[in-house]
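Work through the exercises below with the sequence and the model open. Try each task before reading its solution.

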Amino acid sequence: MTTLSQRPTAHLSDPRQEEQQSQAPAHAHHPDVRLFGLATFLVADGMTFAGFFAAYLTYRAVNPLPVNGEYELELLLPAVNTLVLLASSLTFHRGSKALMASRMAACRGWLLLTAALGVAFMAGQMWEYFHLPFGLTDNLFASTFYALTGFHGLHVTLGAMMIFIVWWQAGREGYFTAENHFGFAAAELYWHFVDGVWVVLFALLYLL
Amino acid sequence: MTTSALPASPHHREPNPMEPHHMDVQHHTPWYEYFGFSLDHKVIGIQYLVTGFFFYLVGGALAGMIRVELVTPLSDFMTRDTYNQVLTLHGTIMIFLWIVPVVNGAFGNYLVPFYVGARDMAFPRLNAVAFWMLPPAGFLLLSSYFIGGAAQAGWTAYPPLSITTPAVGQIIWIVSVLLLGGSSIFGAVNFIATVLKLRRPGLGLFQLPMFCWAMLGTSVLVVLATPVLAGALILLSMDIVAGTGFFNPALGGNAVVYQHLFWFYSHPAVYIMVLPAFGLVSEILPIHARKPLFGYRSMIYSILGIVFLGLIVWAHHMFTSGTPPWMRLFFTIATAIIAVPTGIKFFNWLATLWQGKLALNSALLFCCGFIFNFVFGGITGVALAQVPFDVHVHDTYFVVAHFHYIVFGGTVFVIFAAIYHWFPKASGRLLNEHLGRFHCLLSFLGFNICFFPQHWLGLNGMPRRVAEYDPQFQLINQISSVGALLLAISTLPFLINVVWSLWKGAPAGDNPWRACTAEWLTSSPPPVENWLHEAPLVTEPYDYGSAEDAMPVTTVQGRELWSAGR
């Protein structure tokens with residue numbers, strides 16, 4: 001087709017040659033980039049936390065709290081909670097290893113343990129909320145504390161629900177395989193992200 | 001290879017540009033697709049464009065109300081409260097529902113898959129979801145006017161003003177902007193994955209058309225900056241609803257922290273609005289000047305430079321917010337440095353035009369209008385970055401004029417250039433050039449008459465966002481309003497042109513501009529999966545001006561086709 005519309009173009013390669021080049025499996029034309037997309041989205045999600053952290057640090061630097069406005073936070077429970085969350089990342093990783101080895105029963109066990117650790121974290125968080133000496137609107141530190149931990153708690157809740165779903169899906173024959181397990185990998189990536197955010201949050205709120 | 005080596009098939013017959021229904025041979029997207037949850041990137045692009053244009057008309061009507069109010073020094077056309085609502089809605093609609101969705105969502109979605117040699121975006125379903133967040137957010141925002149009044153705190157929503165004005169409108173505003181921000185982030189995730197991961201095998205990053213780089217840079221900004229605005233708005237809504245005091249000095253909070261978080265997004269937002277426009281200009285100029293894009297690599301590096309610098313200049317909006325001297329110094333210098341990559345792009349465009357065989361059609365004329373307006377807005381921008389000057393004109397009409405030179409004189413002119421350029425591809429029909437040039441002339445005159453005098457107003461101390469002003473400013477305000485009227489009228493030839501050309505326009509043929517990029521190497525409008533054959537591998541998207549290019553420029557032919565079509 002020599003047409004007005006398509007000028008002779010040396011830079012257009014031969015389609016037949018192209019076909020030879022692309023003898024790769026058919027899915028090469030539709031690469032699965034969902035995990036990459038999720039990672040990009042988690043960068044965005046992380047920036048929301050970064051904004052909160054920046055606001056919190058600025059408040060600490062320039063907004064002195066009123067007299068008796070400083071609270072001594074109980075450190076033991078949050079520290080245990082941090083360990084619980086870190087352990088849950090480890091158990092999810094073990095679950096992933098089990099999936100790669102196609103040991104589905106072990107995989108489901110690890111998933112259930114991960115979800116249980118997530119729920120335990122939330123329970124610890126709840127217990128702390130009910131025993132804190134301050135409420136949401138008491139002062140700037142109190143508000144920031146609840147906003148940060150609450151926003152993170154939402155993420156943990158969502159992640160725990162994801163893990164339960166993945167656990168349920170993993171029970172179906174052949175739903176996840178060692179090669180094909182996007183939902184599993186996505187939940188794992190998300191869970192590690194939520195854990196990582198908590199470590200920073202713990203350091204800023206409790207240790208700093 | 002030559003194109004004659006392609007296998008003969010019914011779809012590769014010689015297309016006859018005079019044949020009106022030539023495009024109907026291909027898969028034709030049925031009309032109702034455009035009203036549904038379509039996954040086709042081209043349909044979604046047009047959905048973004050049409051929705052955005054609807055809100056452009058709404059925002060333009062609001063701007064008209066502002067200019068009518070300012071004809072006289074007293075607030076006699078509407079109450080001050082209404083005026084506040086109108087200016088807030090105008091700014092919010094124009095930024096979040098017209099410019100950002102159209103330069104990113106409309107042109108990005110339509111063009112990026114073609115340019116990377118893909119049949120769709122990386123996540124078509126996410127793409128459709130991102131679009132369908134737009135109409136509800138828009139109508140939510142408009143509805144707030146009828147539910148106890150729209151937000152009154154301007155598009156910046158600075159506390160404590162936004163905490164003390166009526167809460168319902170402000171909360172609806174926040175929800176609406178959060179939705180639009182989410183839509184924007186989903187779009188950006190899609191663009192990053194498409195450009196980085198969906199390129200046709202054999203197509204390198206440094207062989208991509210400039211628009212892909214612009215979209216990549218823009219999307220990085222969206223991903224890094226928009227969530228910070230979302231965080232700020234969540235805290236602001238807690239201040240309004242739950243009684244916290246994050247930004248309320250009366251409760252021990254800090255209003256300047258909101259400004260930092262807001263501008264951390266909203267300065268990059270200027271680049272989110274203008275970088276895609278840079279990309280579009282870089283596509284349109286070479287085709288109509290019949291020359292390769294000048295300085296391809298330097299264009300890419302300047303985009304990357306703008307992305308990086310764009311993230312570290314936000315506090316130049318806050319020189320009157322008690323910023324400490326070191327902060328003023330840093331942000332002044334960083335802002336001034338942005339003029340370097342921007343200047344590189346500007347001179348590259350001029351060099352692309354230099355000694356080109358210019359086809360002075362509507363698309364190129366609008367691009368030239370862009371270059372003129374944008375340089376002017378850029379120069380006042382560098383001036384505003386200087387603390388002594390900024391302290392003098394902060395929150396005056398000088399800032400209003402500068403901003404409109406960037407986003408209207410800059411980006412909106414490019415949007416129109418892009419519509420004139422890609423309308424033949426998307427519809428299969430040419431737009432009328434006479435009406436197009438008339439539209440361009442009217443827009444250029446109307447725009448400059450409207451906004452140039454506002455520099456004078458600002459320098460002489462007229463504050464922005466006021467319904468009443470000192471009588472000494474009346475004449476200049478009236479001149480500005482006449483310009484606004486011209487601008488409003490300029491939309492008419494465009495609308496007539498689009499409607500008429502869709503109905504009776506001359507058939508465009510596959511490639512009326514004889515362009516090299518991949519969207520022109522398929523039918524007009526393109527088939528559902530973009531190409532009926534293998535996606536073409538375009539490694540030199542700006543290969544103009546070679547020996548076989550020495551044909552008369554097709555615009556002339558387009559005009560002949562137009563008269564012949566009638």
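Chain A has 6 helices and 0 strands as its secondary structure, where helices (H or I, at least four residues) and strands (E, at least two) are DSSP runs numbered from the N terminus. The model is predicted: local features need pLDDT of at least 70, side-chain atom pairs count only at pLDDT 80 or more, and totals for chains, interfaces and linings use all residues. Residues are numbered from 1 along each chain as its sequence is written, while chains are lettered from A and ligands numbered from 1 in the order in which they are written.

**Exercise 1.** Find the pattern of chain A along the sequence, and state what percentage of its residues is buried.

Solution. Step one: along the sequence the pattern reads α-α-α-α-α-α. Step two: a residue is buried if 20 or more other C-beta atoms lie within 10 Å of its own, exposed if 12 or fewer, and partly exposed in between, with C-beta atoms placed from the backbone. Of the 208 residues in chain A, 32% are buried.

**Exercise 2.** Check the length of helix 6 of chain A, and say what covers its buried residues.

Solution. Step one: the expected span of a helix is 1.5 Å times one less than its number of residues. Helix 6 (residues 182-207) has 26 residues and should therefore span 38 Å; the end C-alpha atoms are 36 Å apart, which agrees. Step two: the buried residues of helix 6 of chain A include F184(A), W191(A), W198(A) and L201(A). Their cover includes helix 2 (34-62), helix 3 (76-100) and helix 5 (140-170) of chain A.

**Exercise 3.** Describe helix 2 of chain B by its span, its kink and its burial.

Solution. Step one: the 37 residues of helix 2 reach 50 Å from first C-alpha to last, close to the expected 54 Å. Step two: a kink of about 50° is centred on P101(B); the bend at a residue is the angle between axes fitted to the seven residues ending there and the seven starting there. Step three: helix 2 of chain B is mostly covered, with 33 of its 37 residues buried. After the helix comes G117(B), with a positive phi near 75°.

**Exercise 4.** How do helix 2 and helix 4 of chain B pack?

Solution. Step one: helix 2 (residues 80-116) and helix 4 (residues 134-143) of chain B pack at about 170°, with axes 11 Å apart. Axes are lines fitted to C-alpha atoms, for helices over the stretch in contact, and angles run from 0 to 180 degrees between N-to-C directions. Step two: the two helices are therefore roughly antiparallel, the word for angles over 145 degrees. Step three: two residues are in contact if their C-beta atoms, placed from the backbone, lie within 7 Å. Helix 2 of chain B contributes L89(B), T92(B), I93(B), L97(B) and P101(B), and helix 4 of chain B contributes L134(B), G138(B) and L141(B).

**Exercise 5.** Where does helix 8 of chain B bend, and how many of its residues are buried?

Solution. Step one: helix 8 of chain B bends by about 35° at W263(B). Step two: 33 of its 35 residues are buried.

## One residue at a time

**Exercise 6.** Which residues does L235(B) contact, leaving aside neighbours within four places in sequence?

Solution. Step one: L235(B) lies in helix 7 (residues 210-241) of chain B. Step two: L235(B) is buried because 24 other C-beta atoms lie within 10 Å. Step three: with those neighbours left aside, L235(B) contacts A55(A), A147(A), F246(B) and F247(B).

Notes: Parallel < 35°, antiparallel > 145°, perpendicular 65-115°, else oblique.
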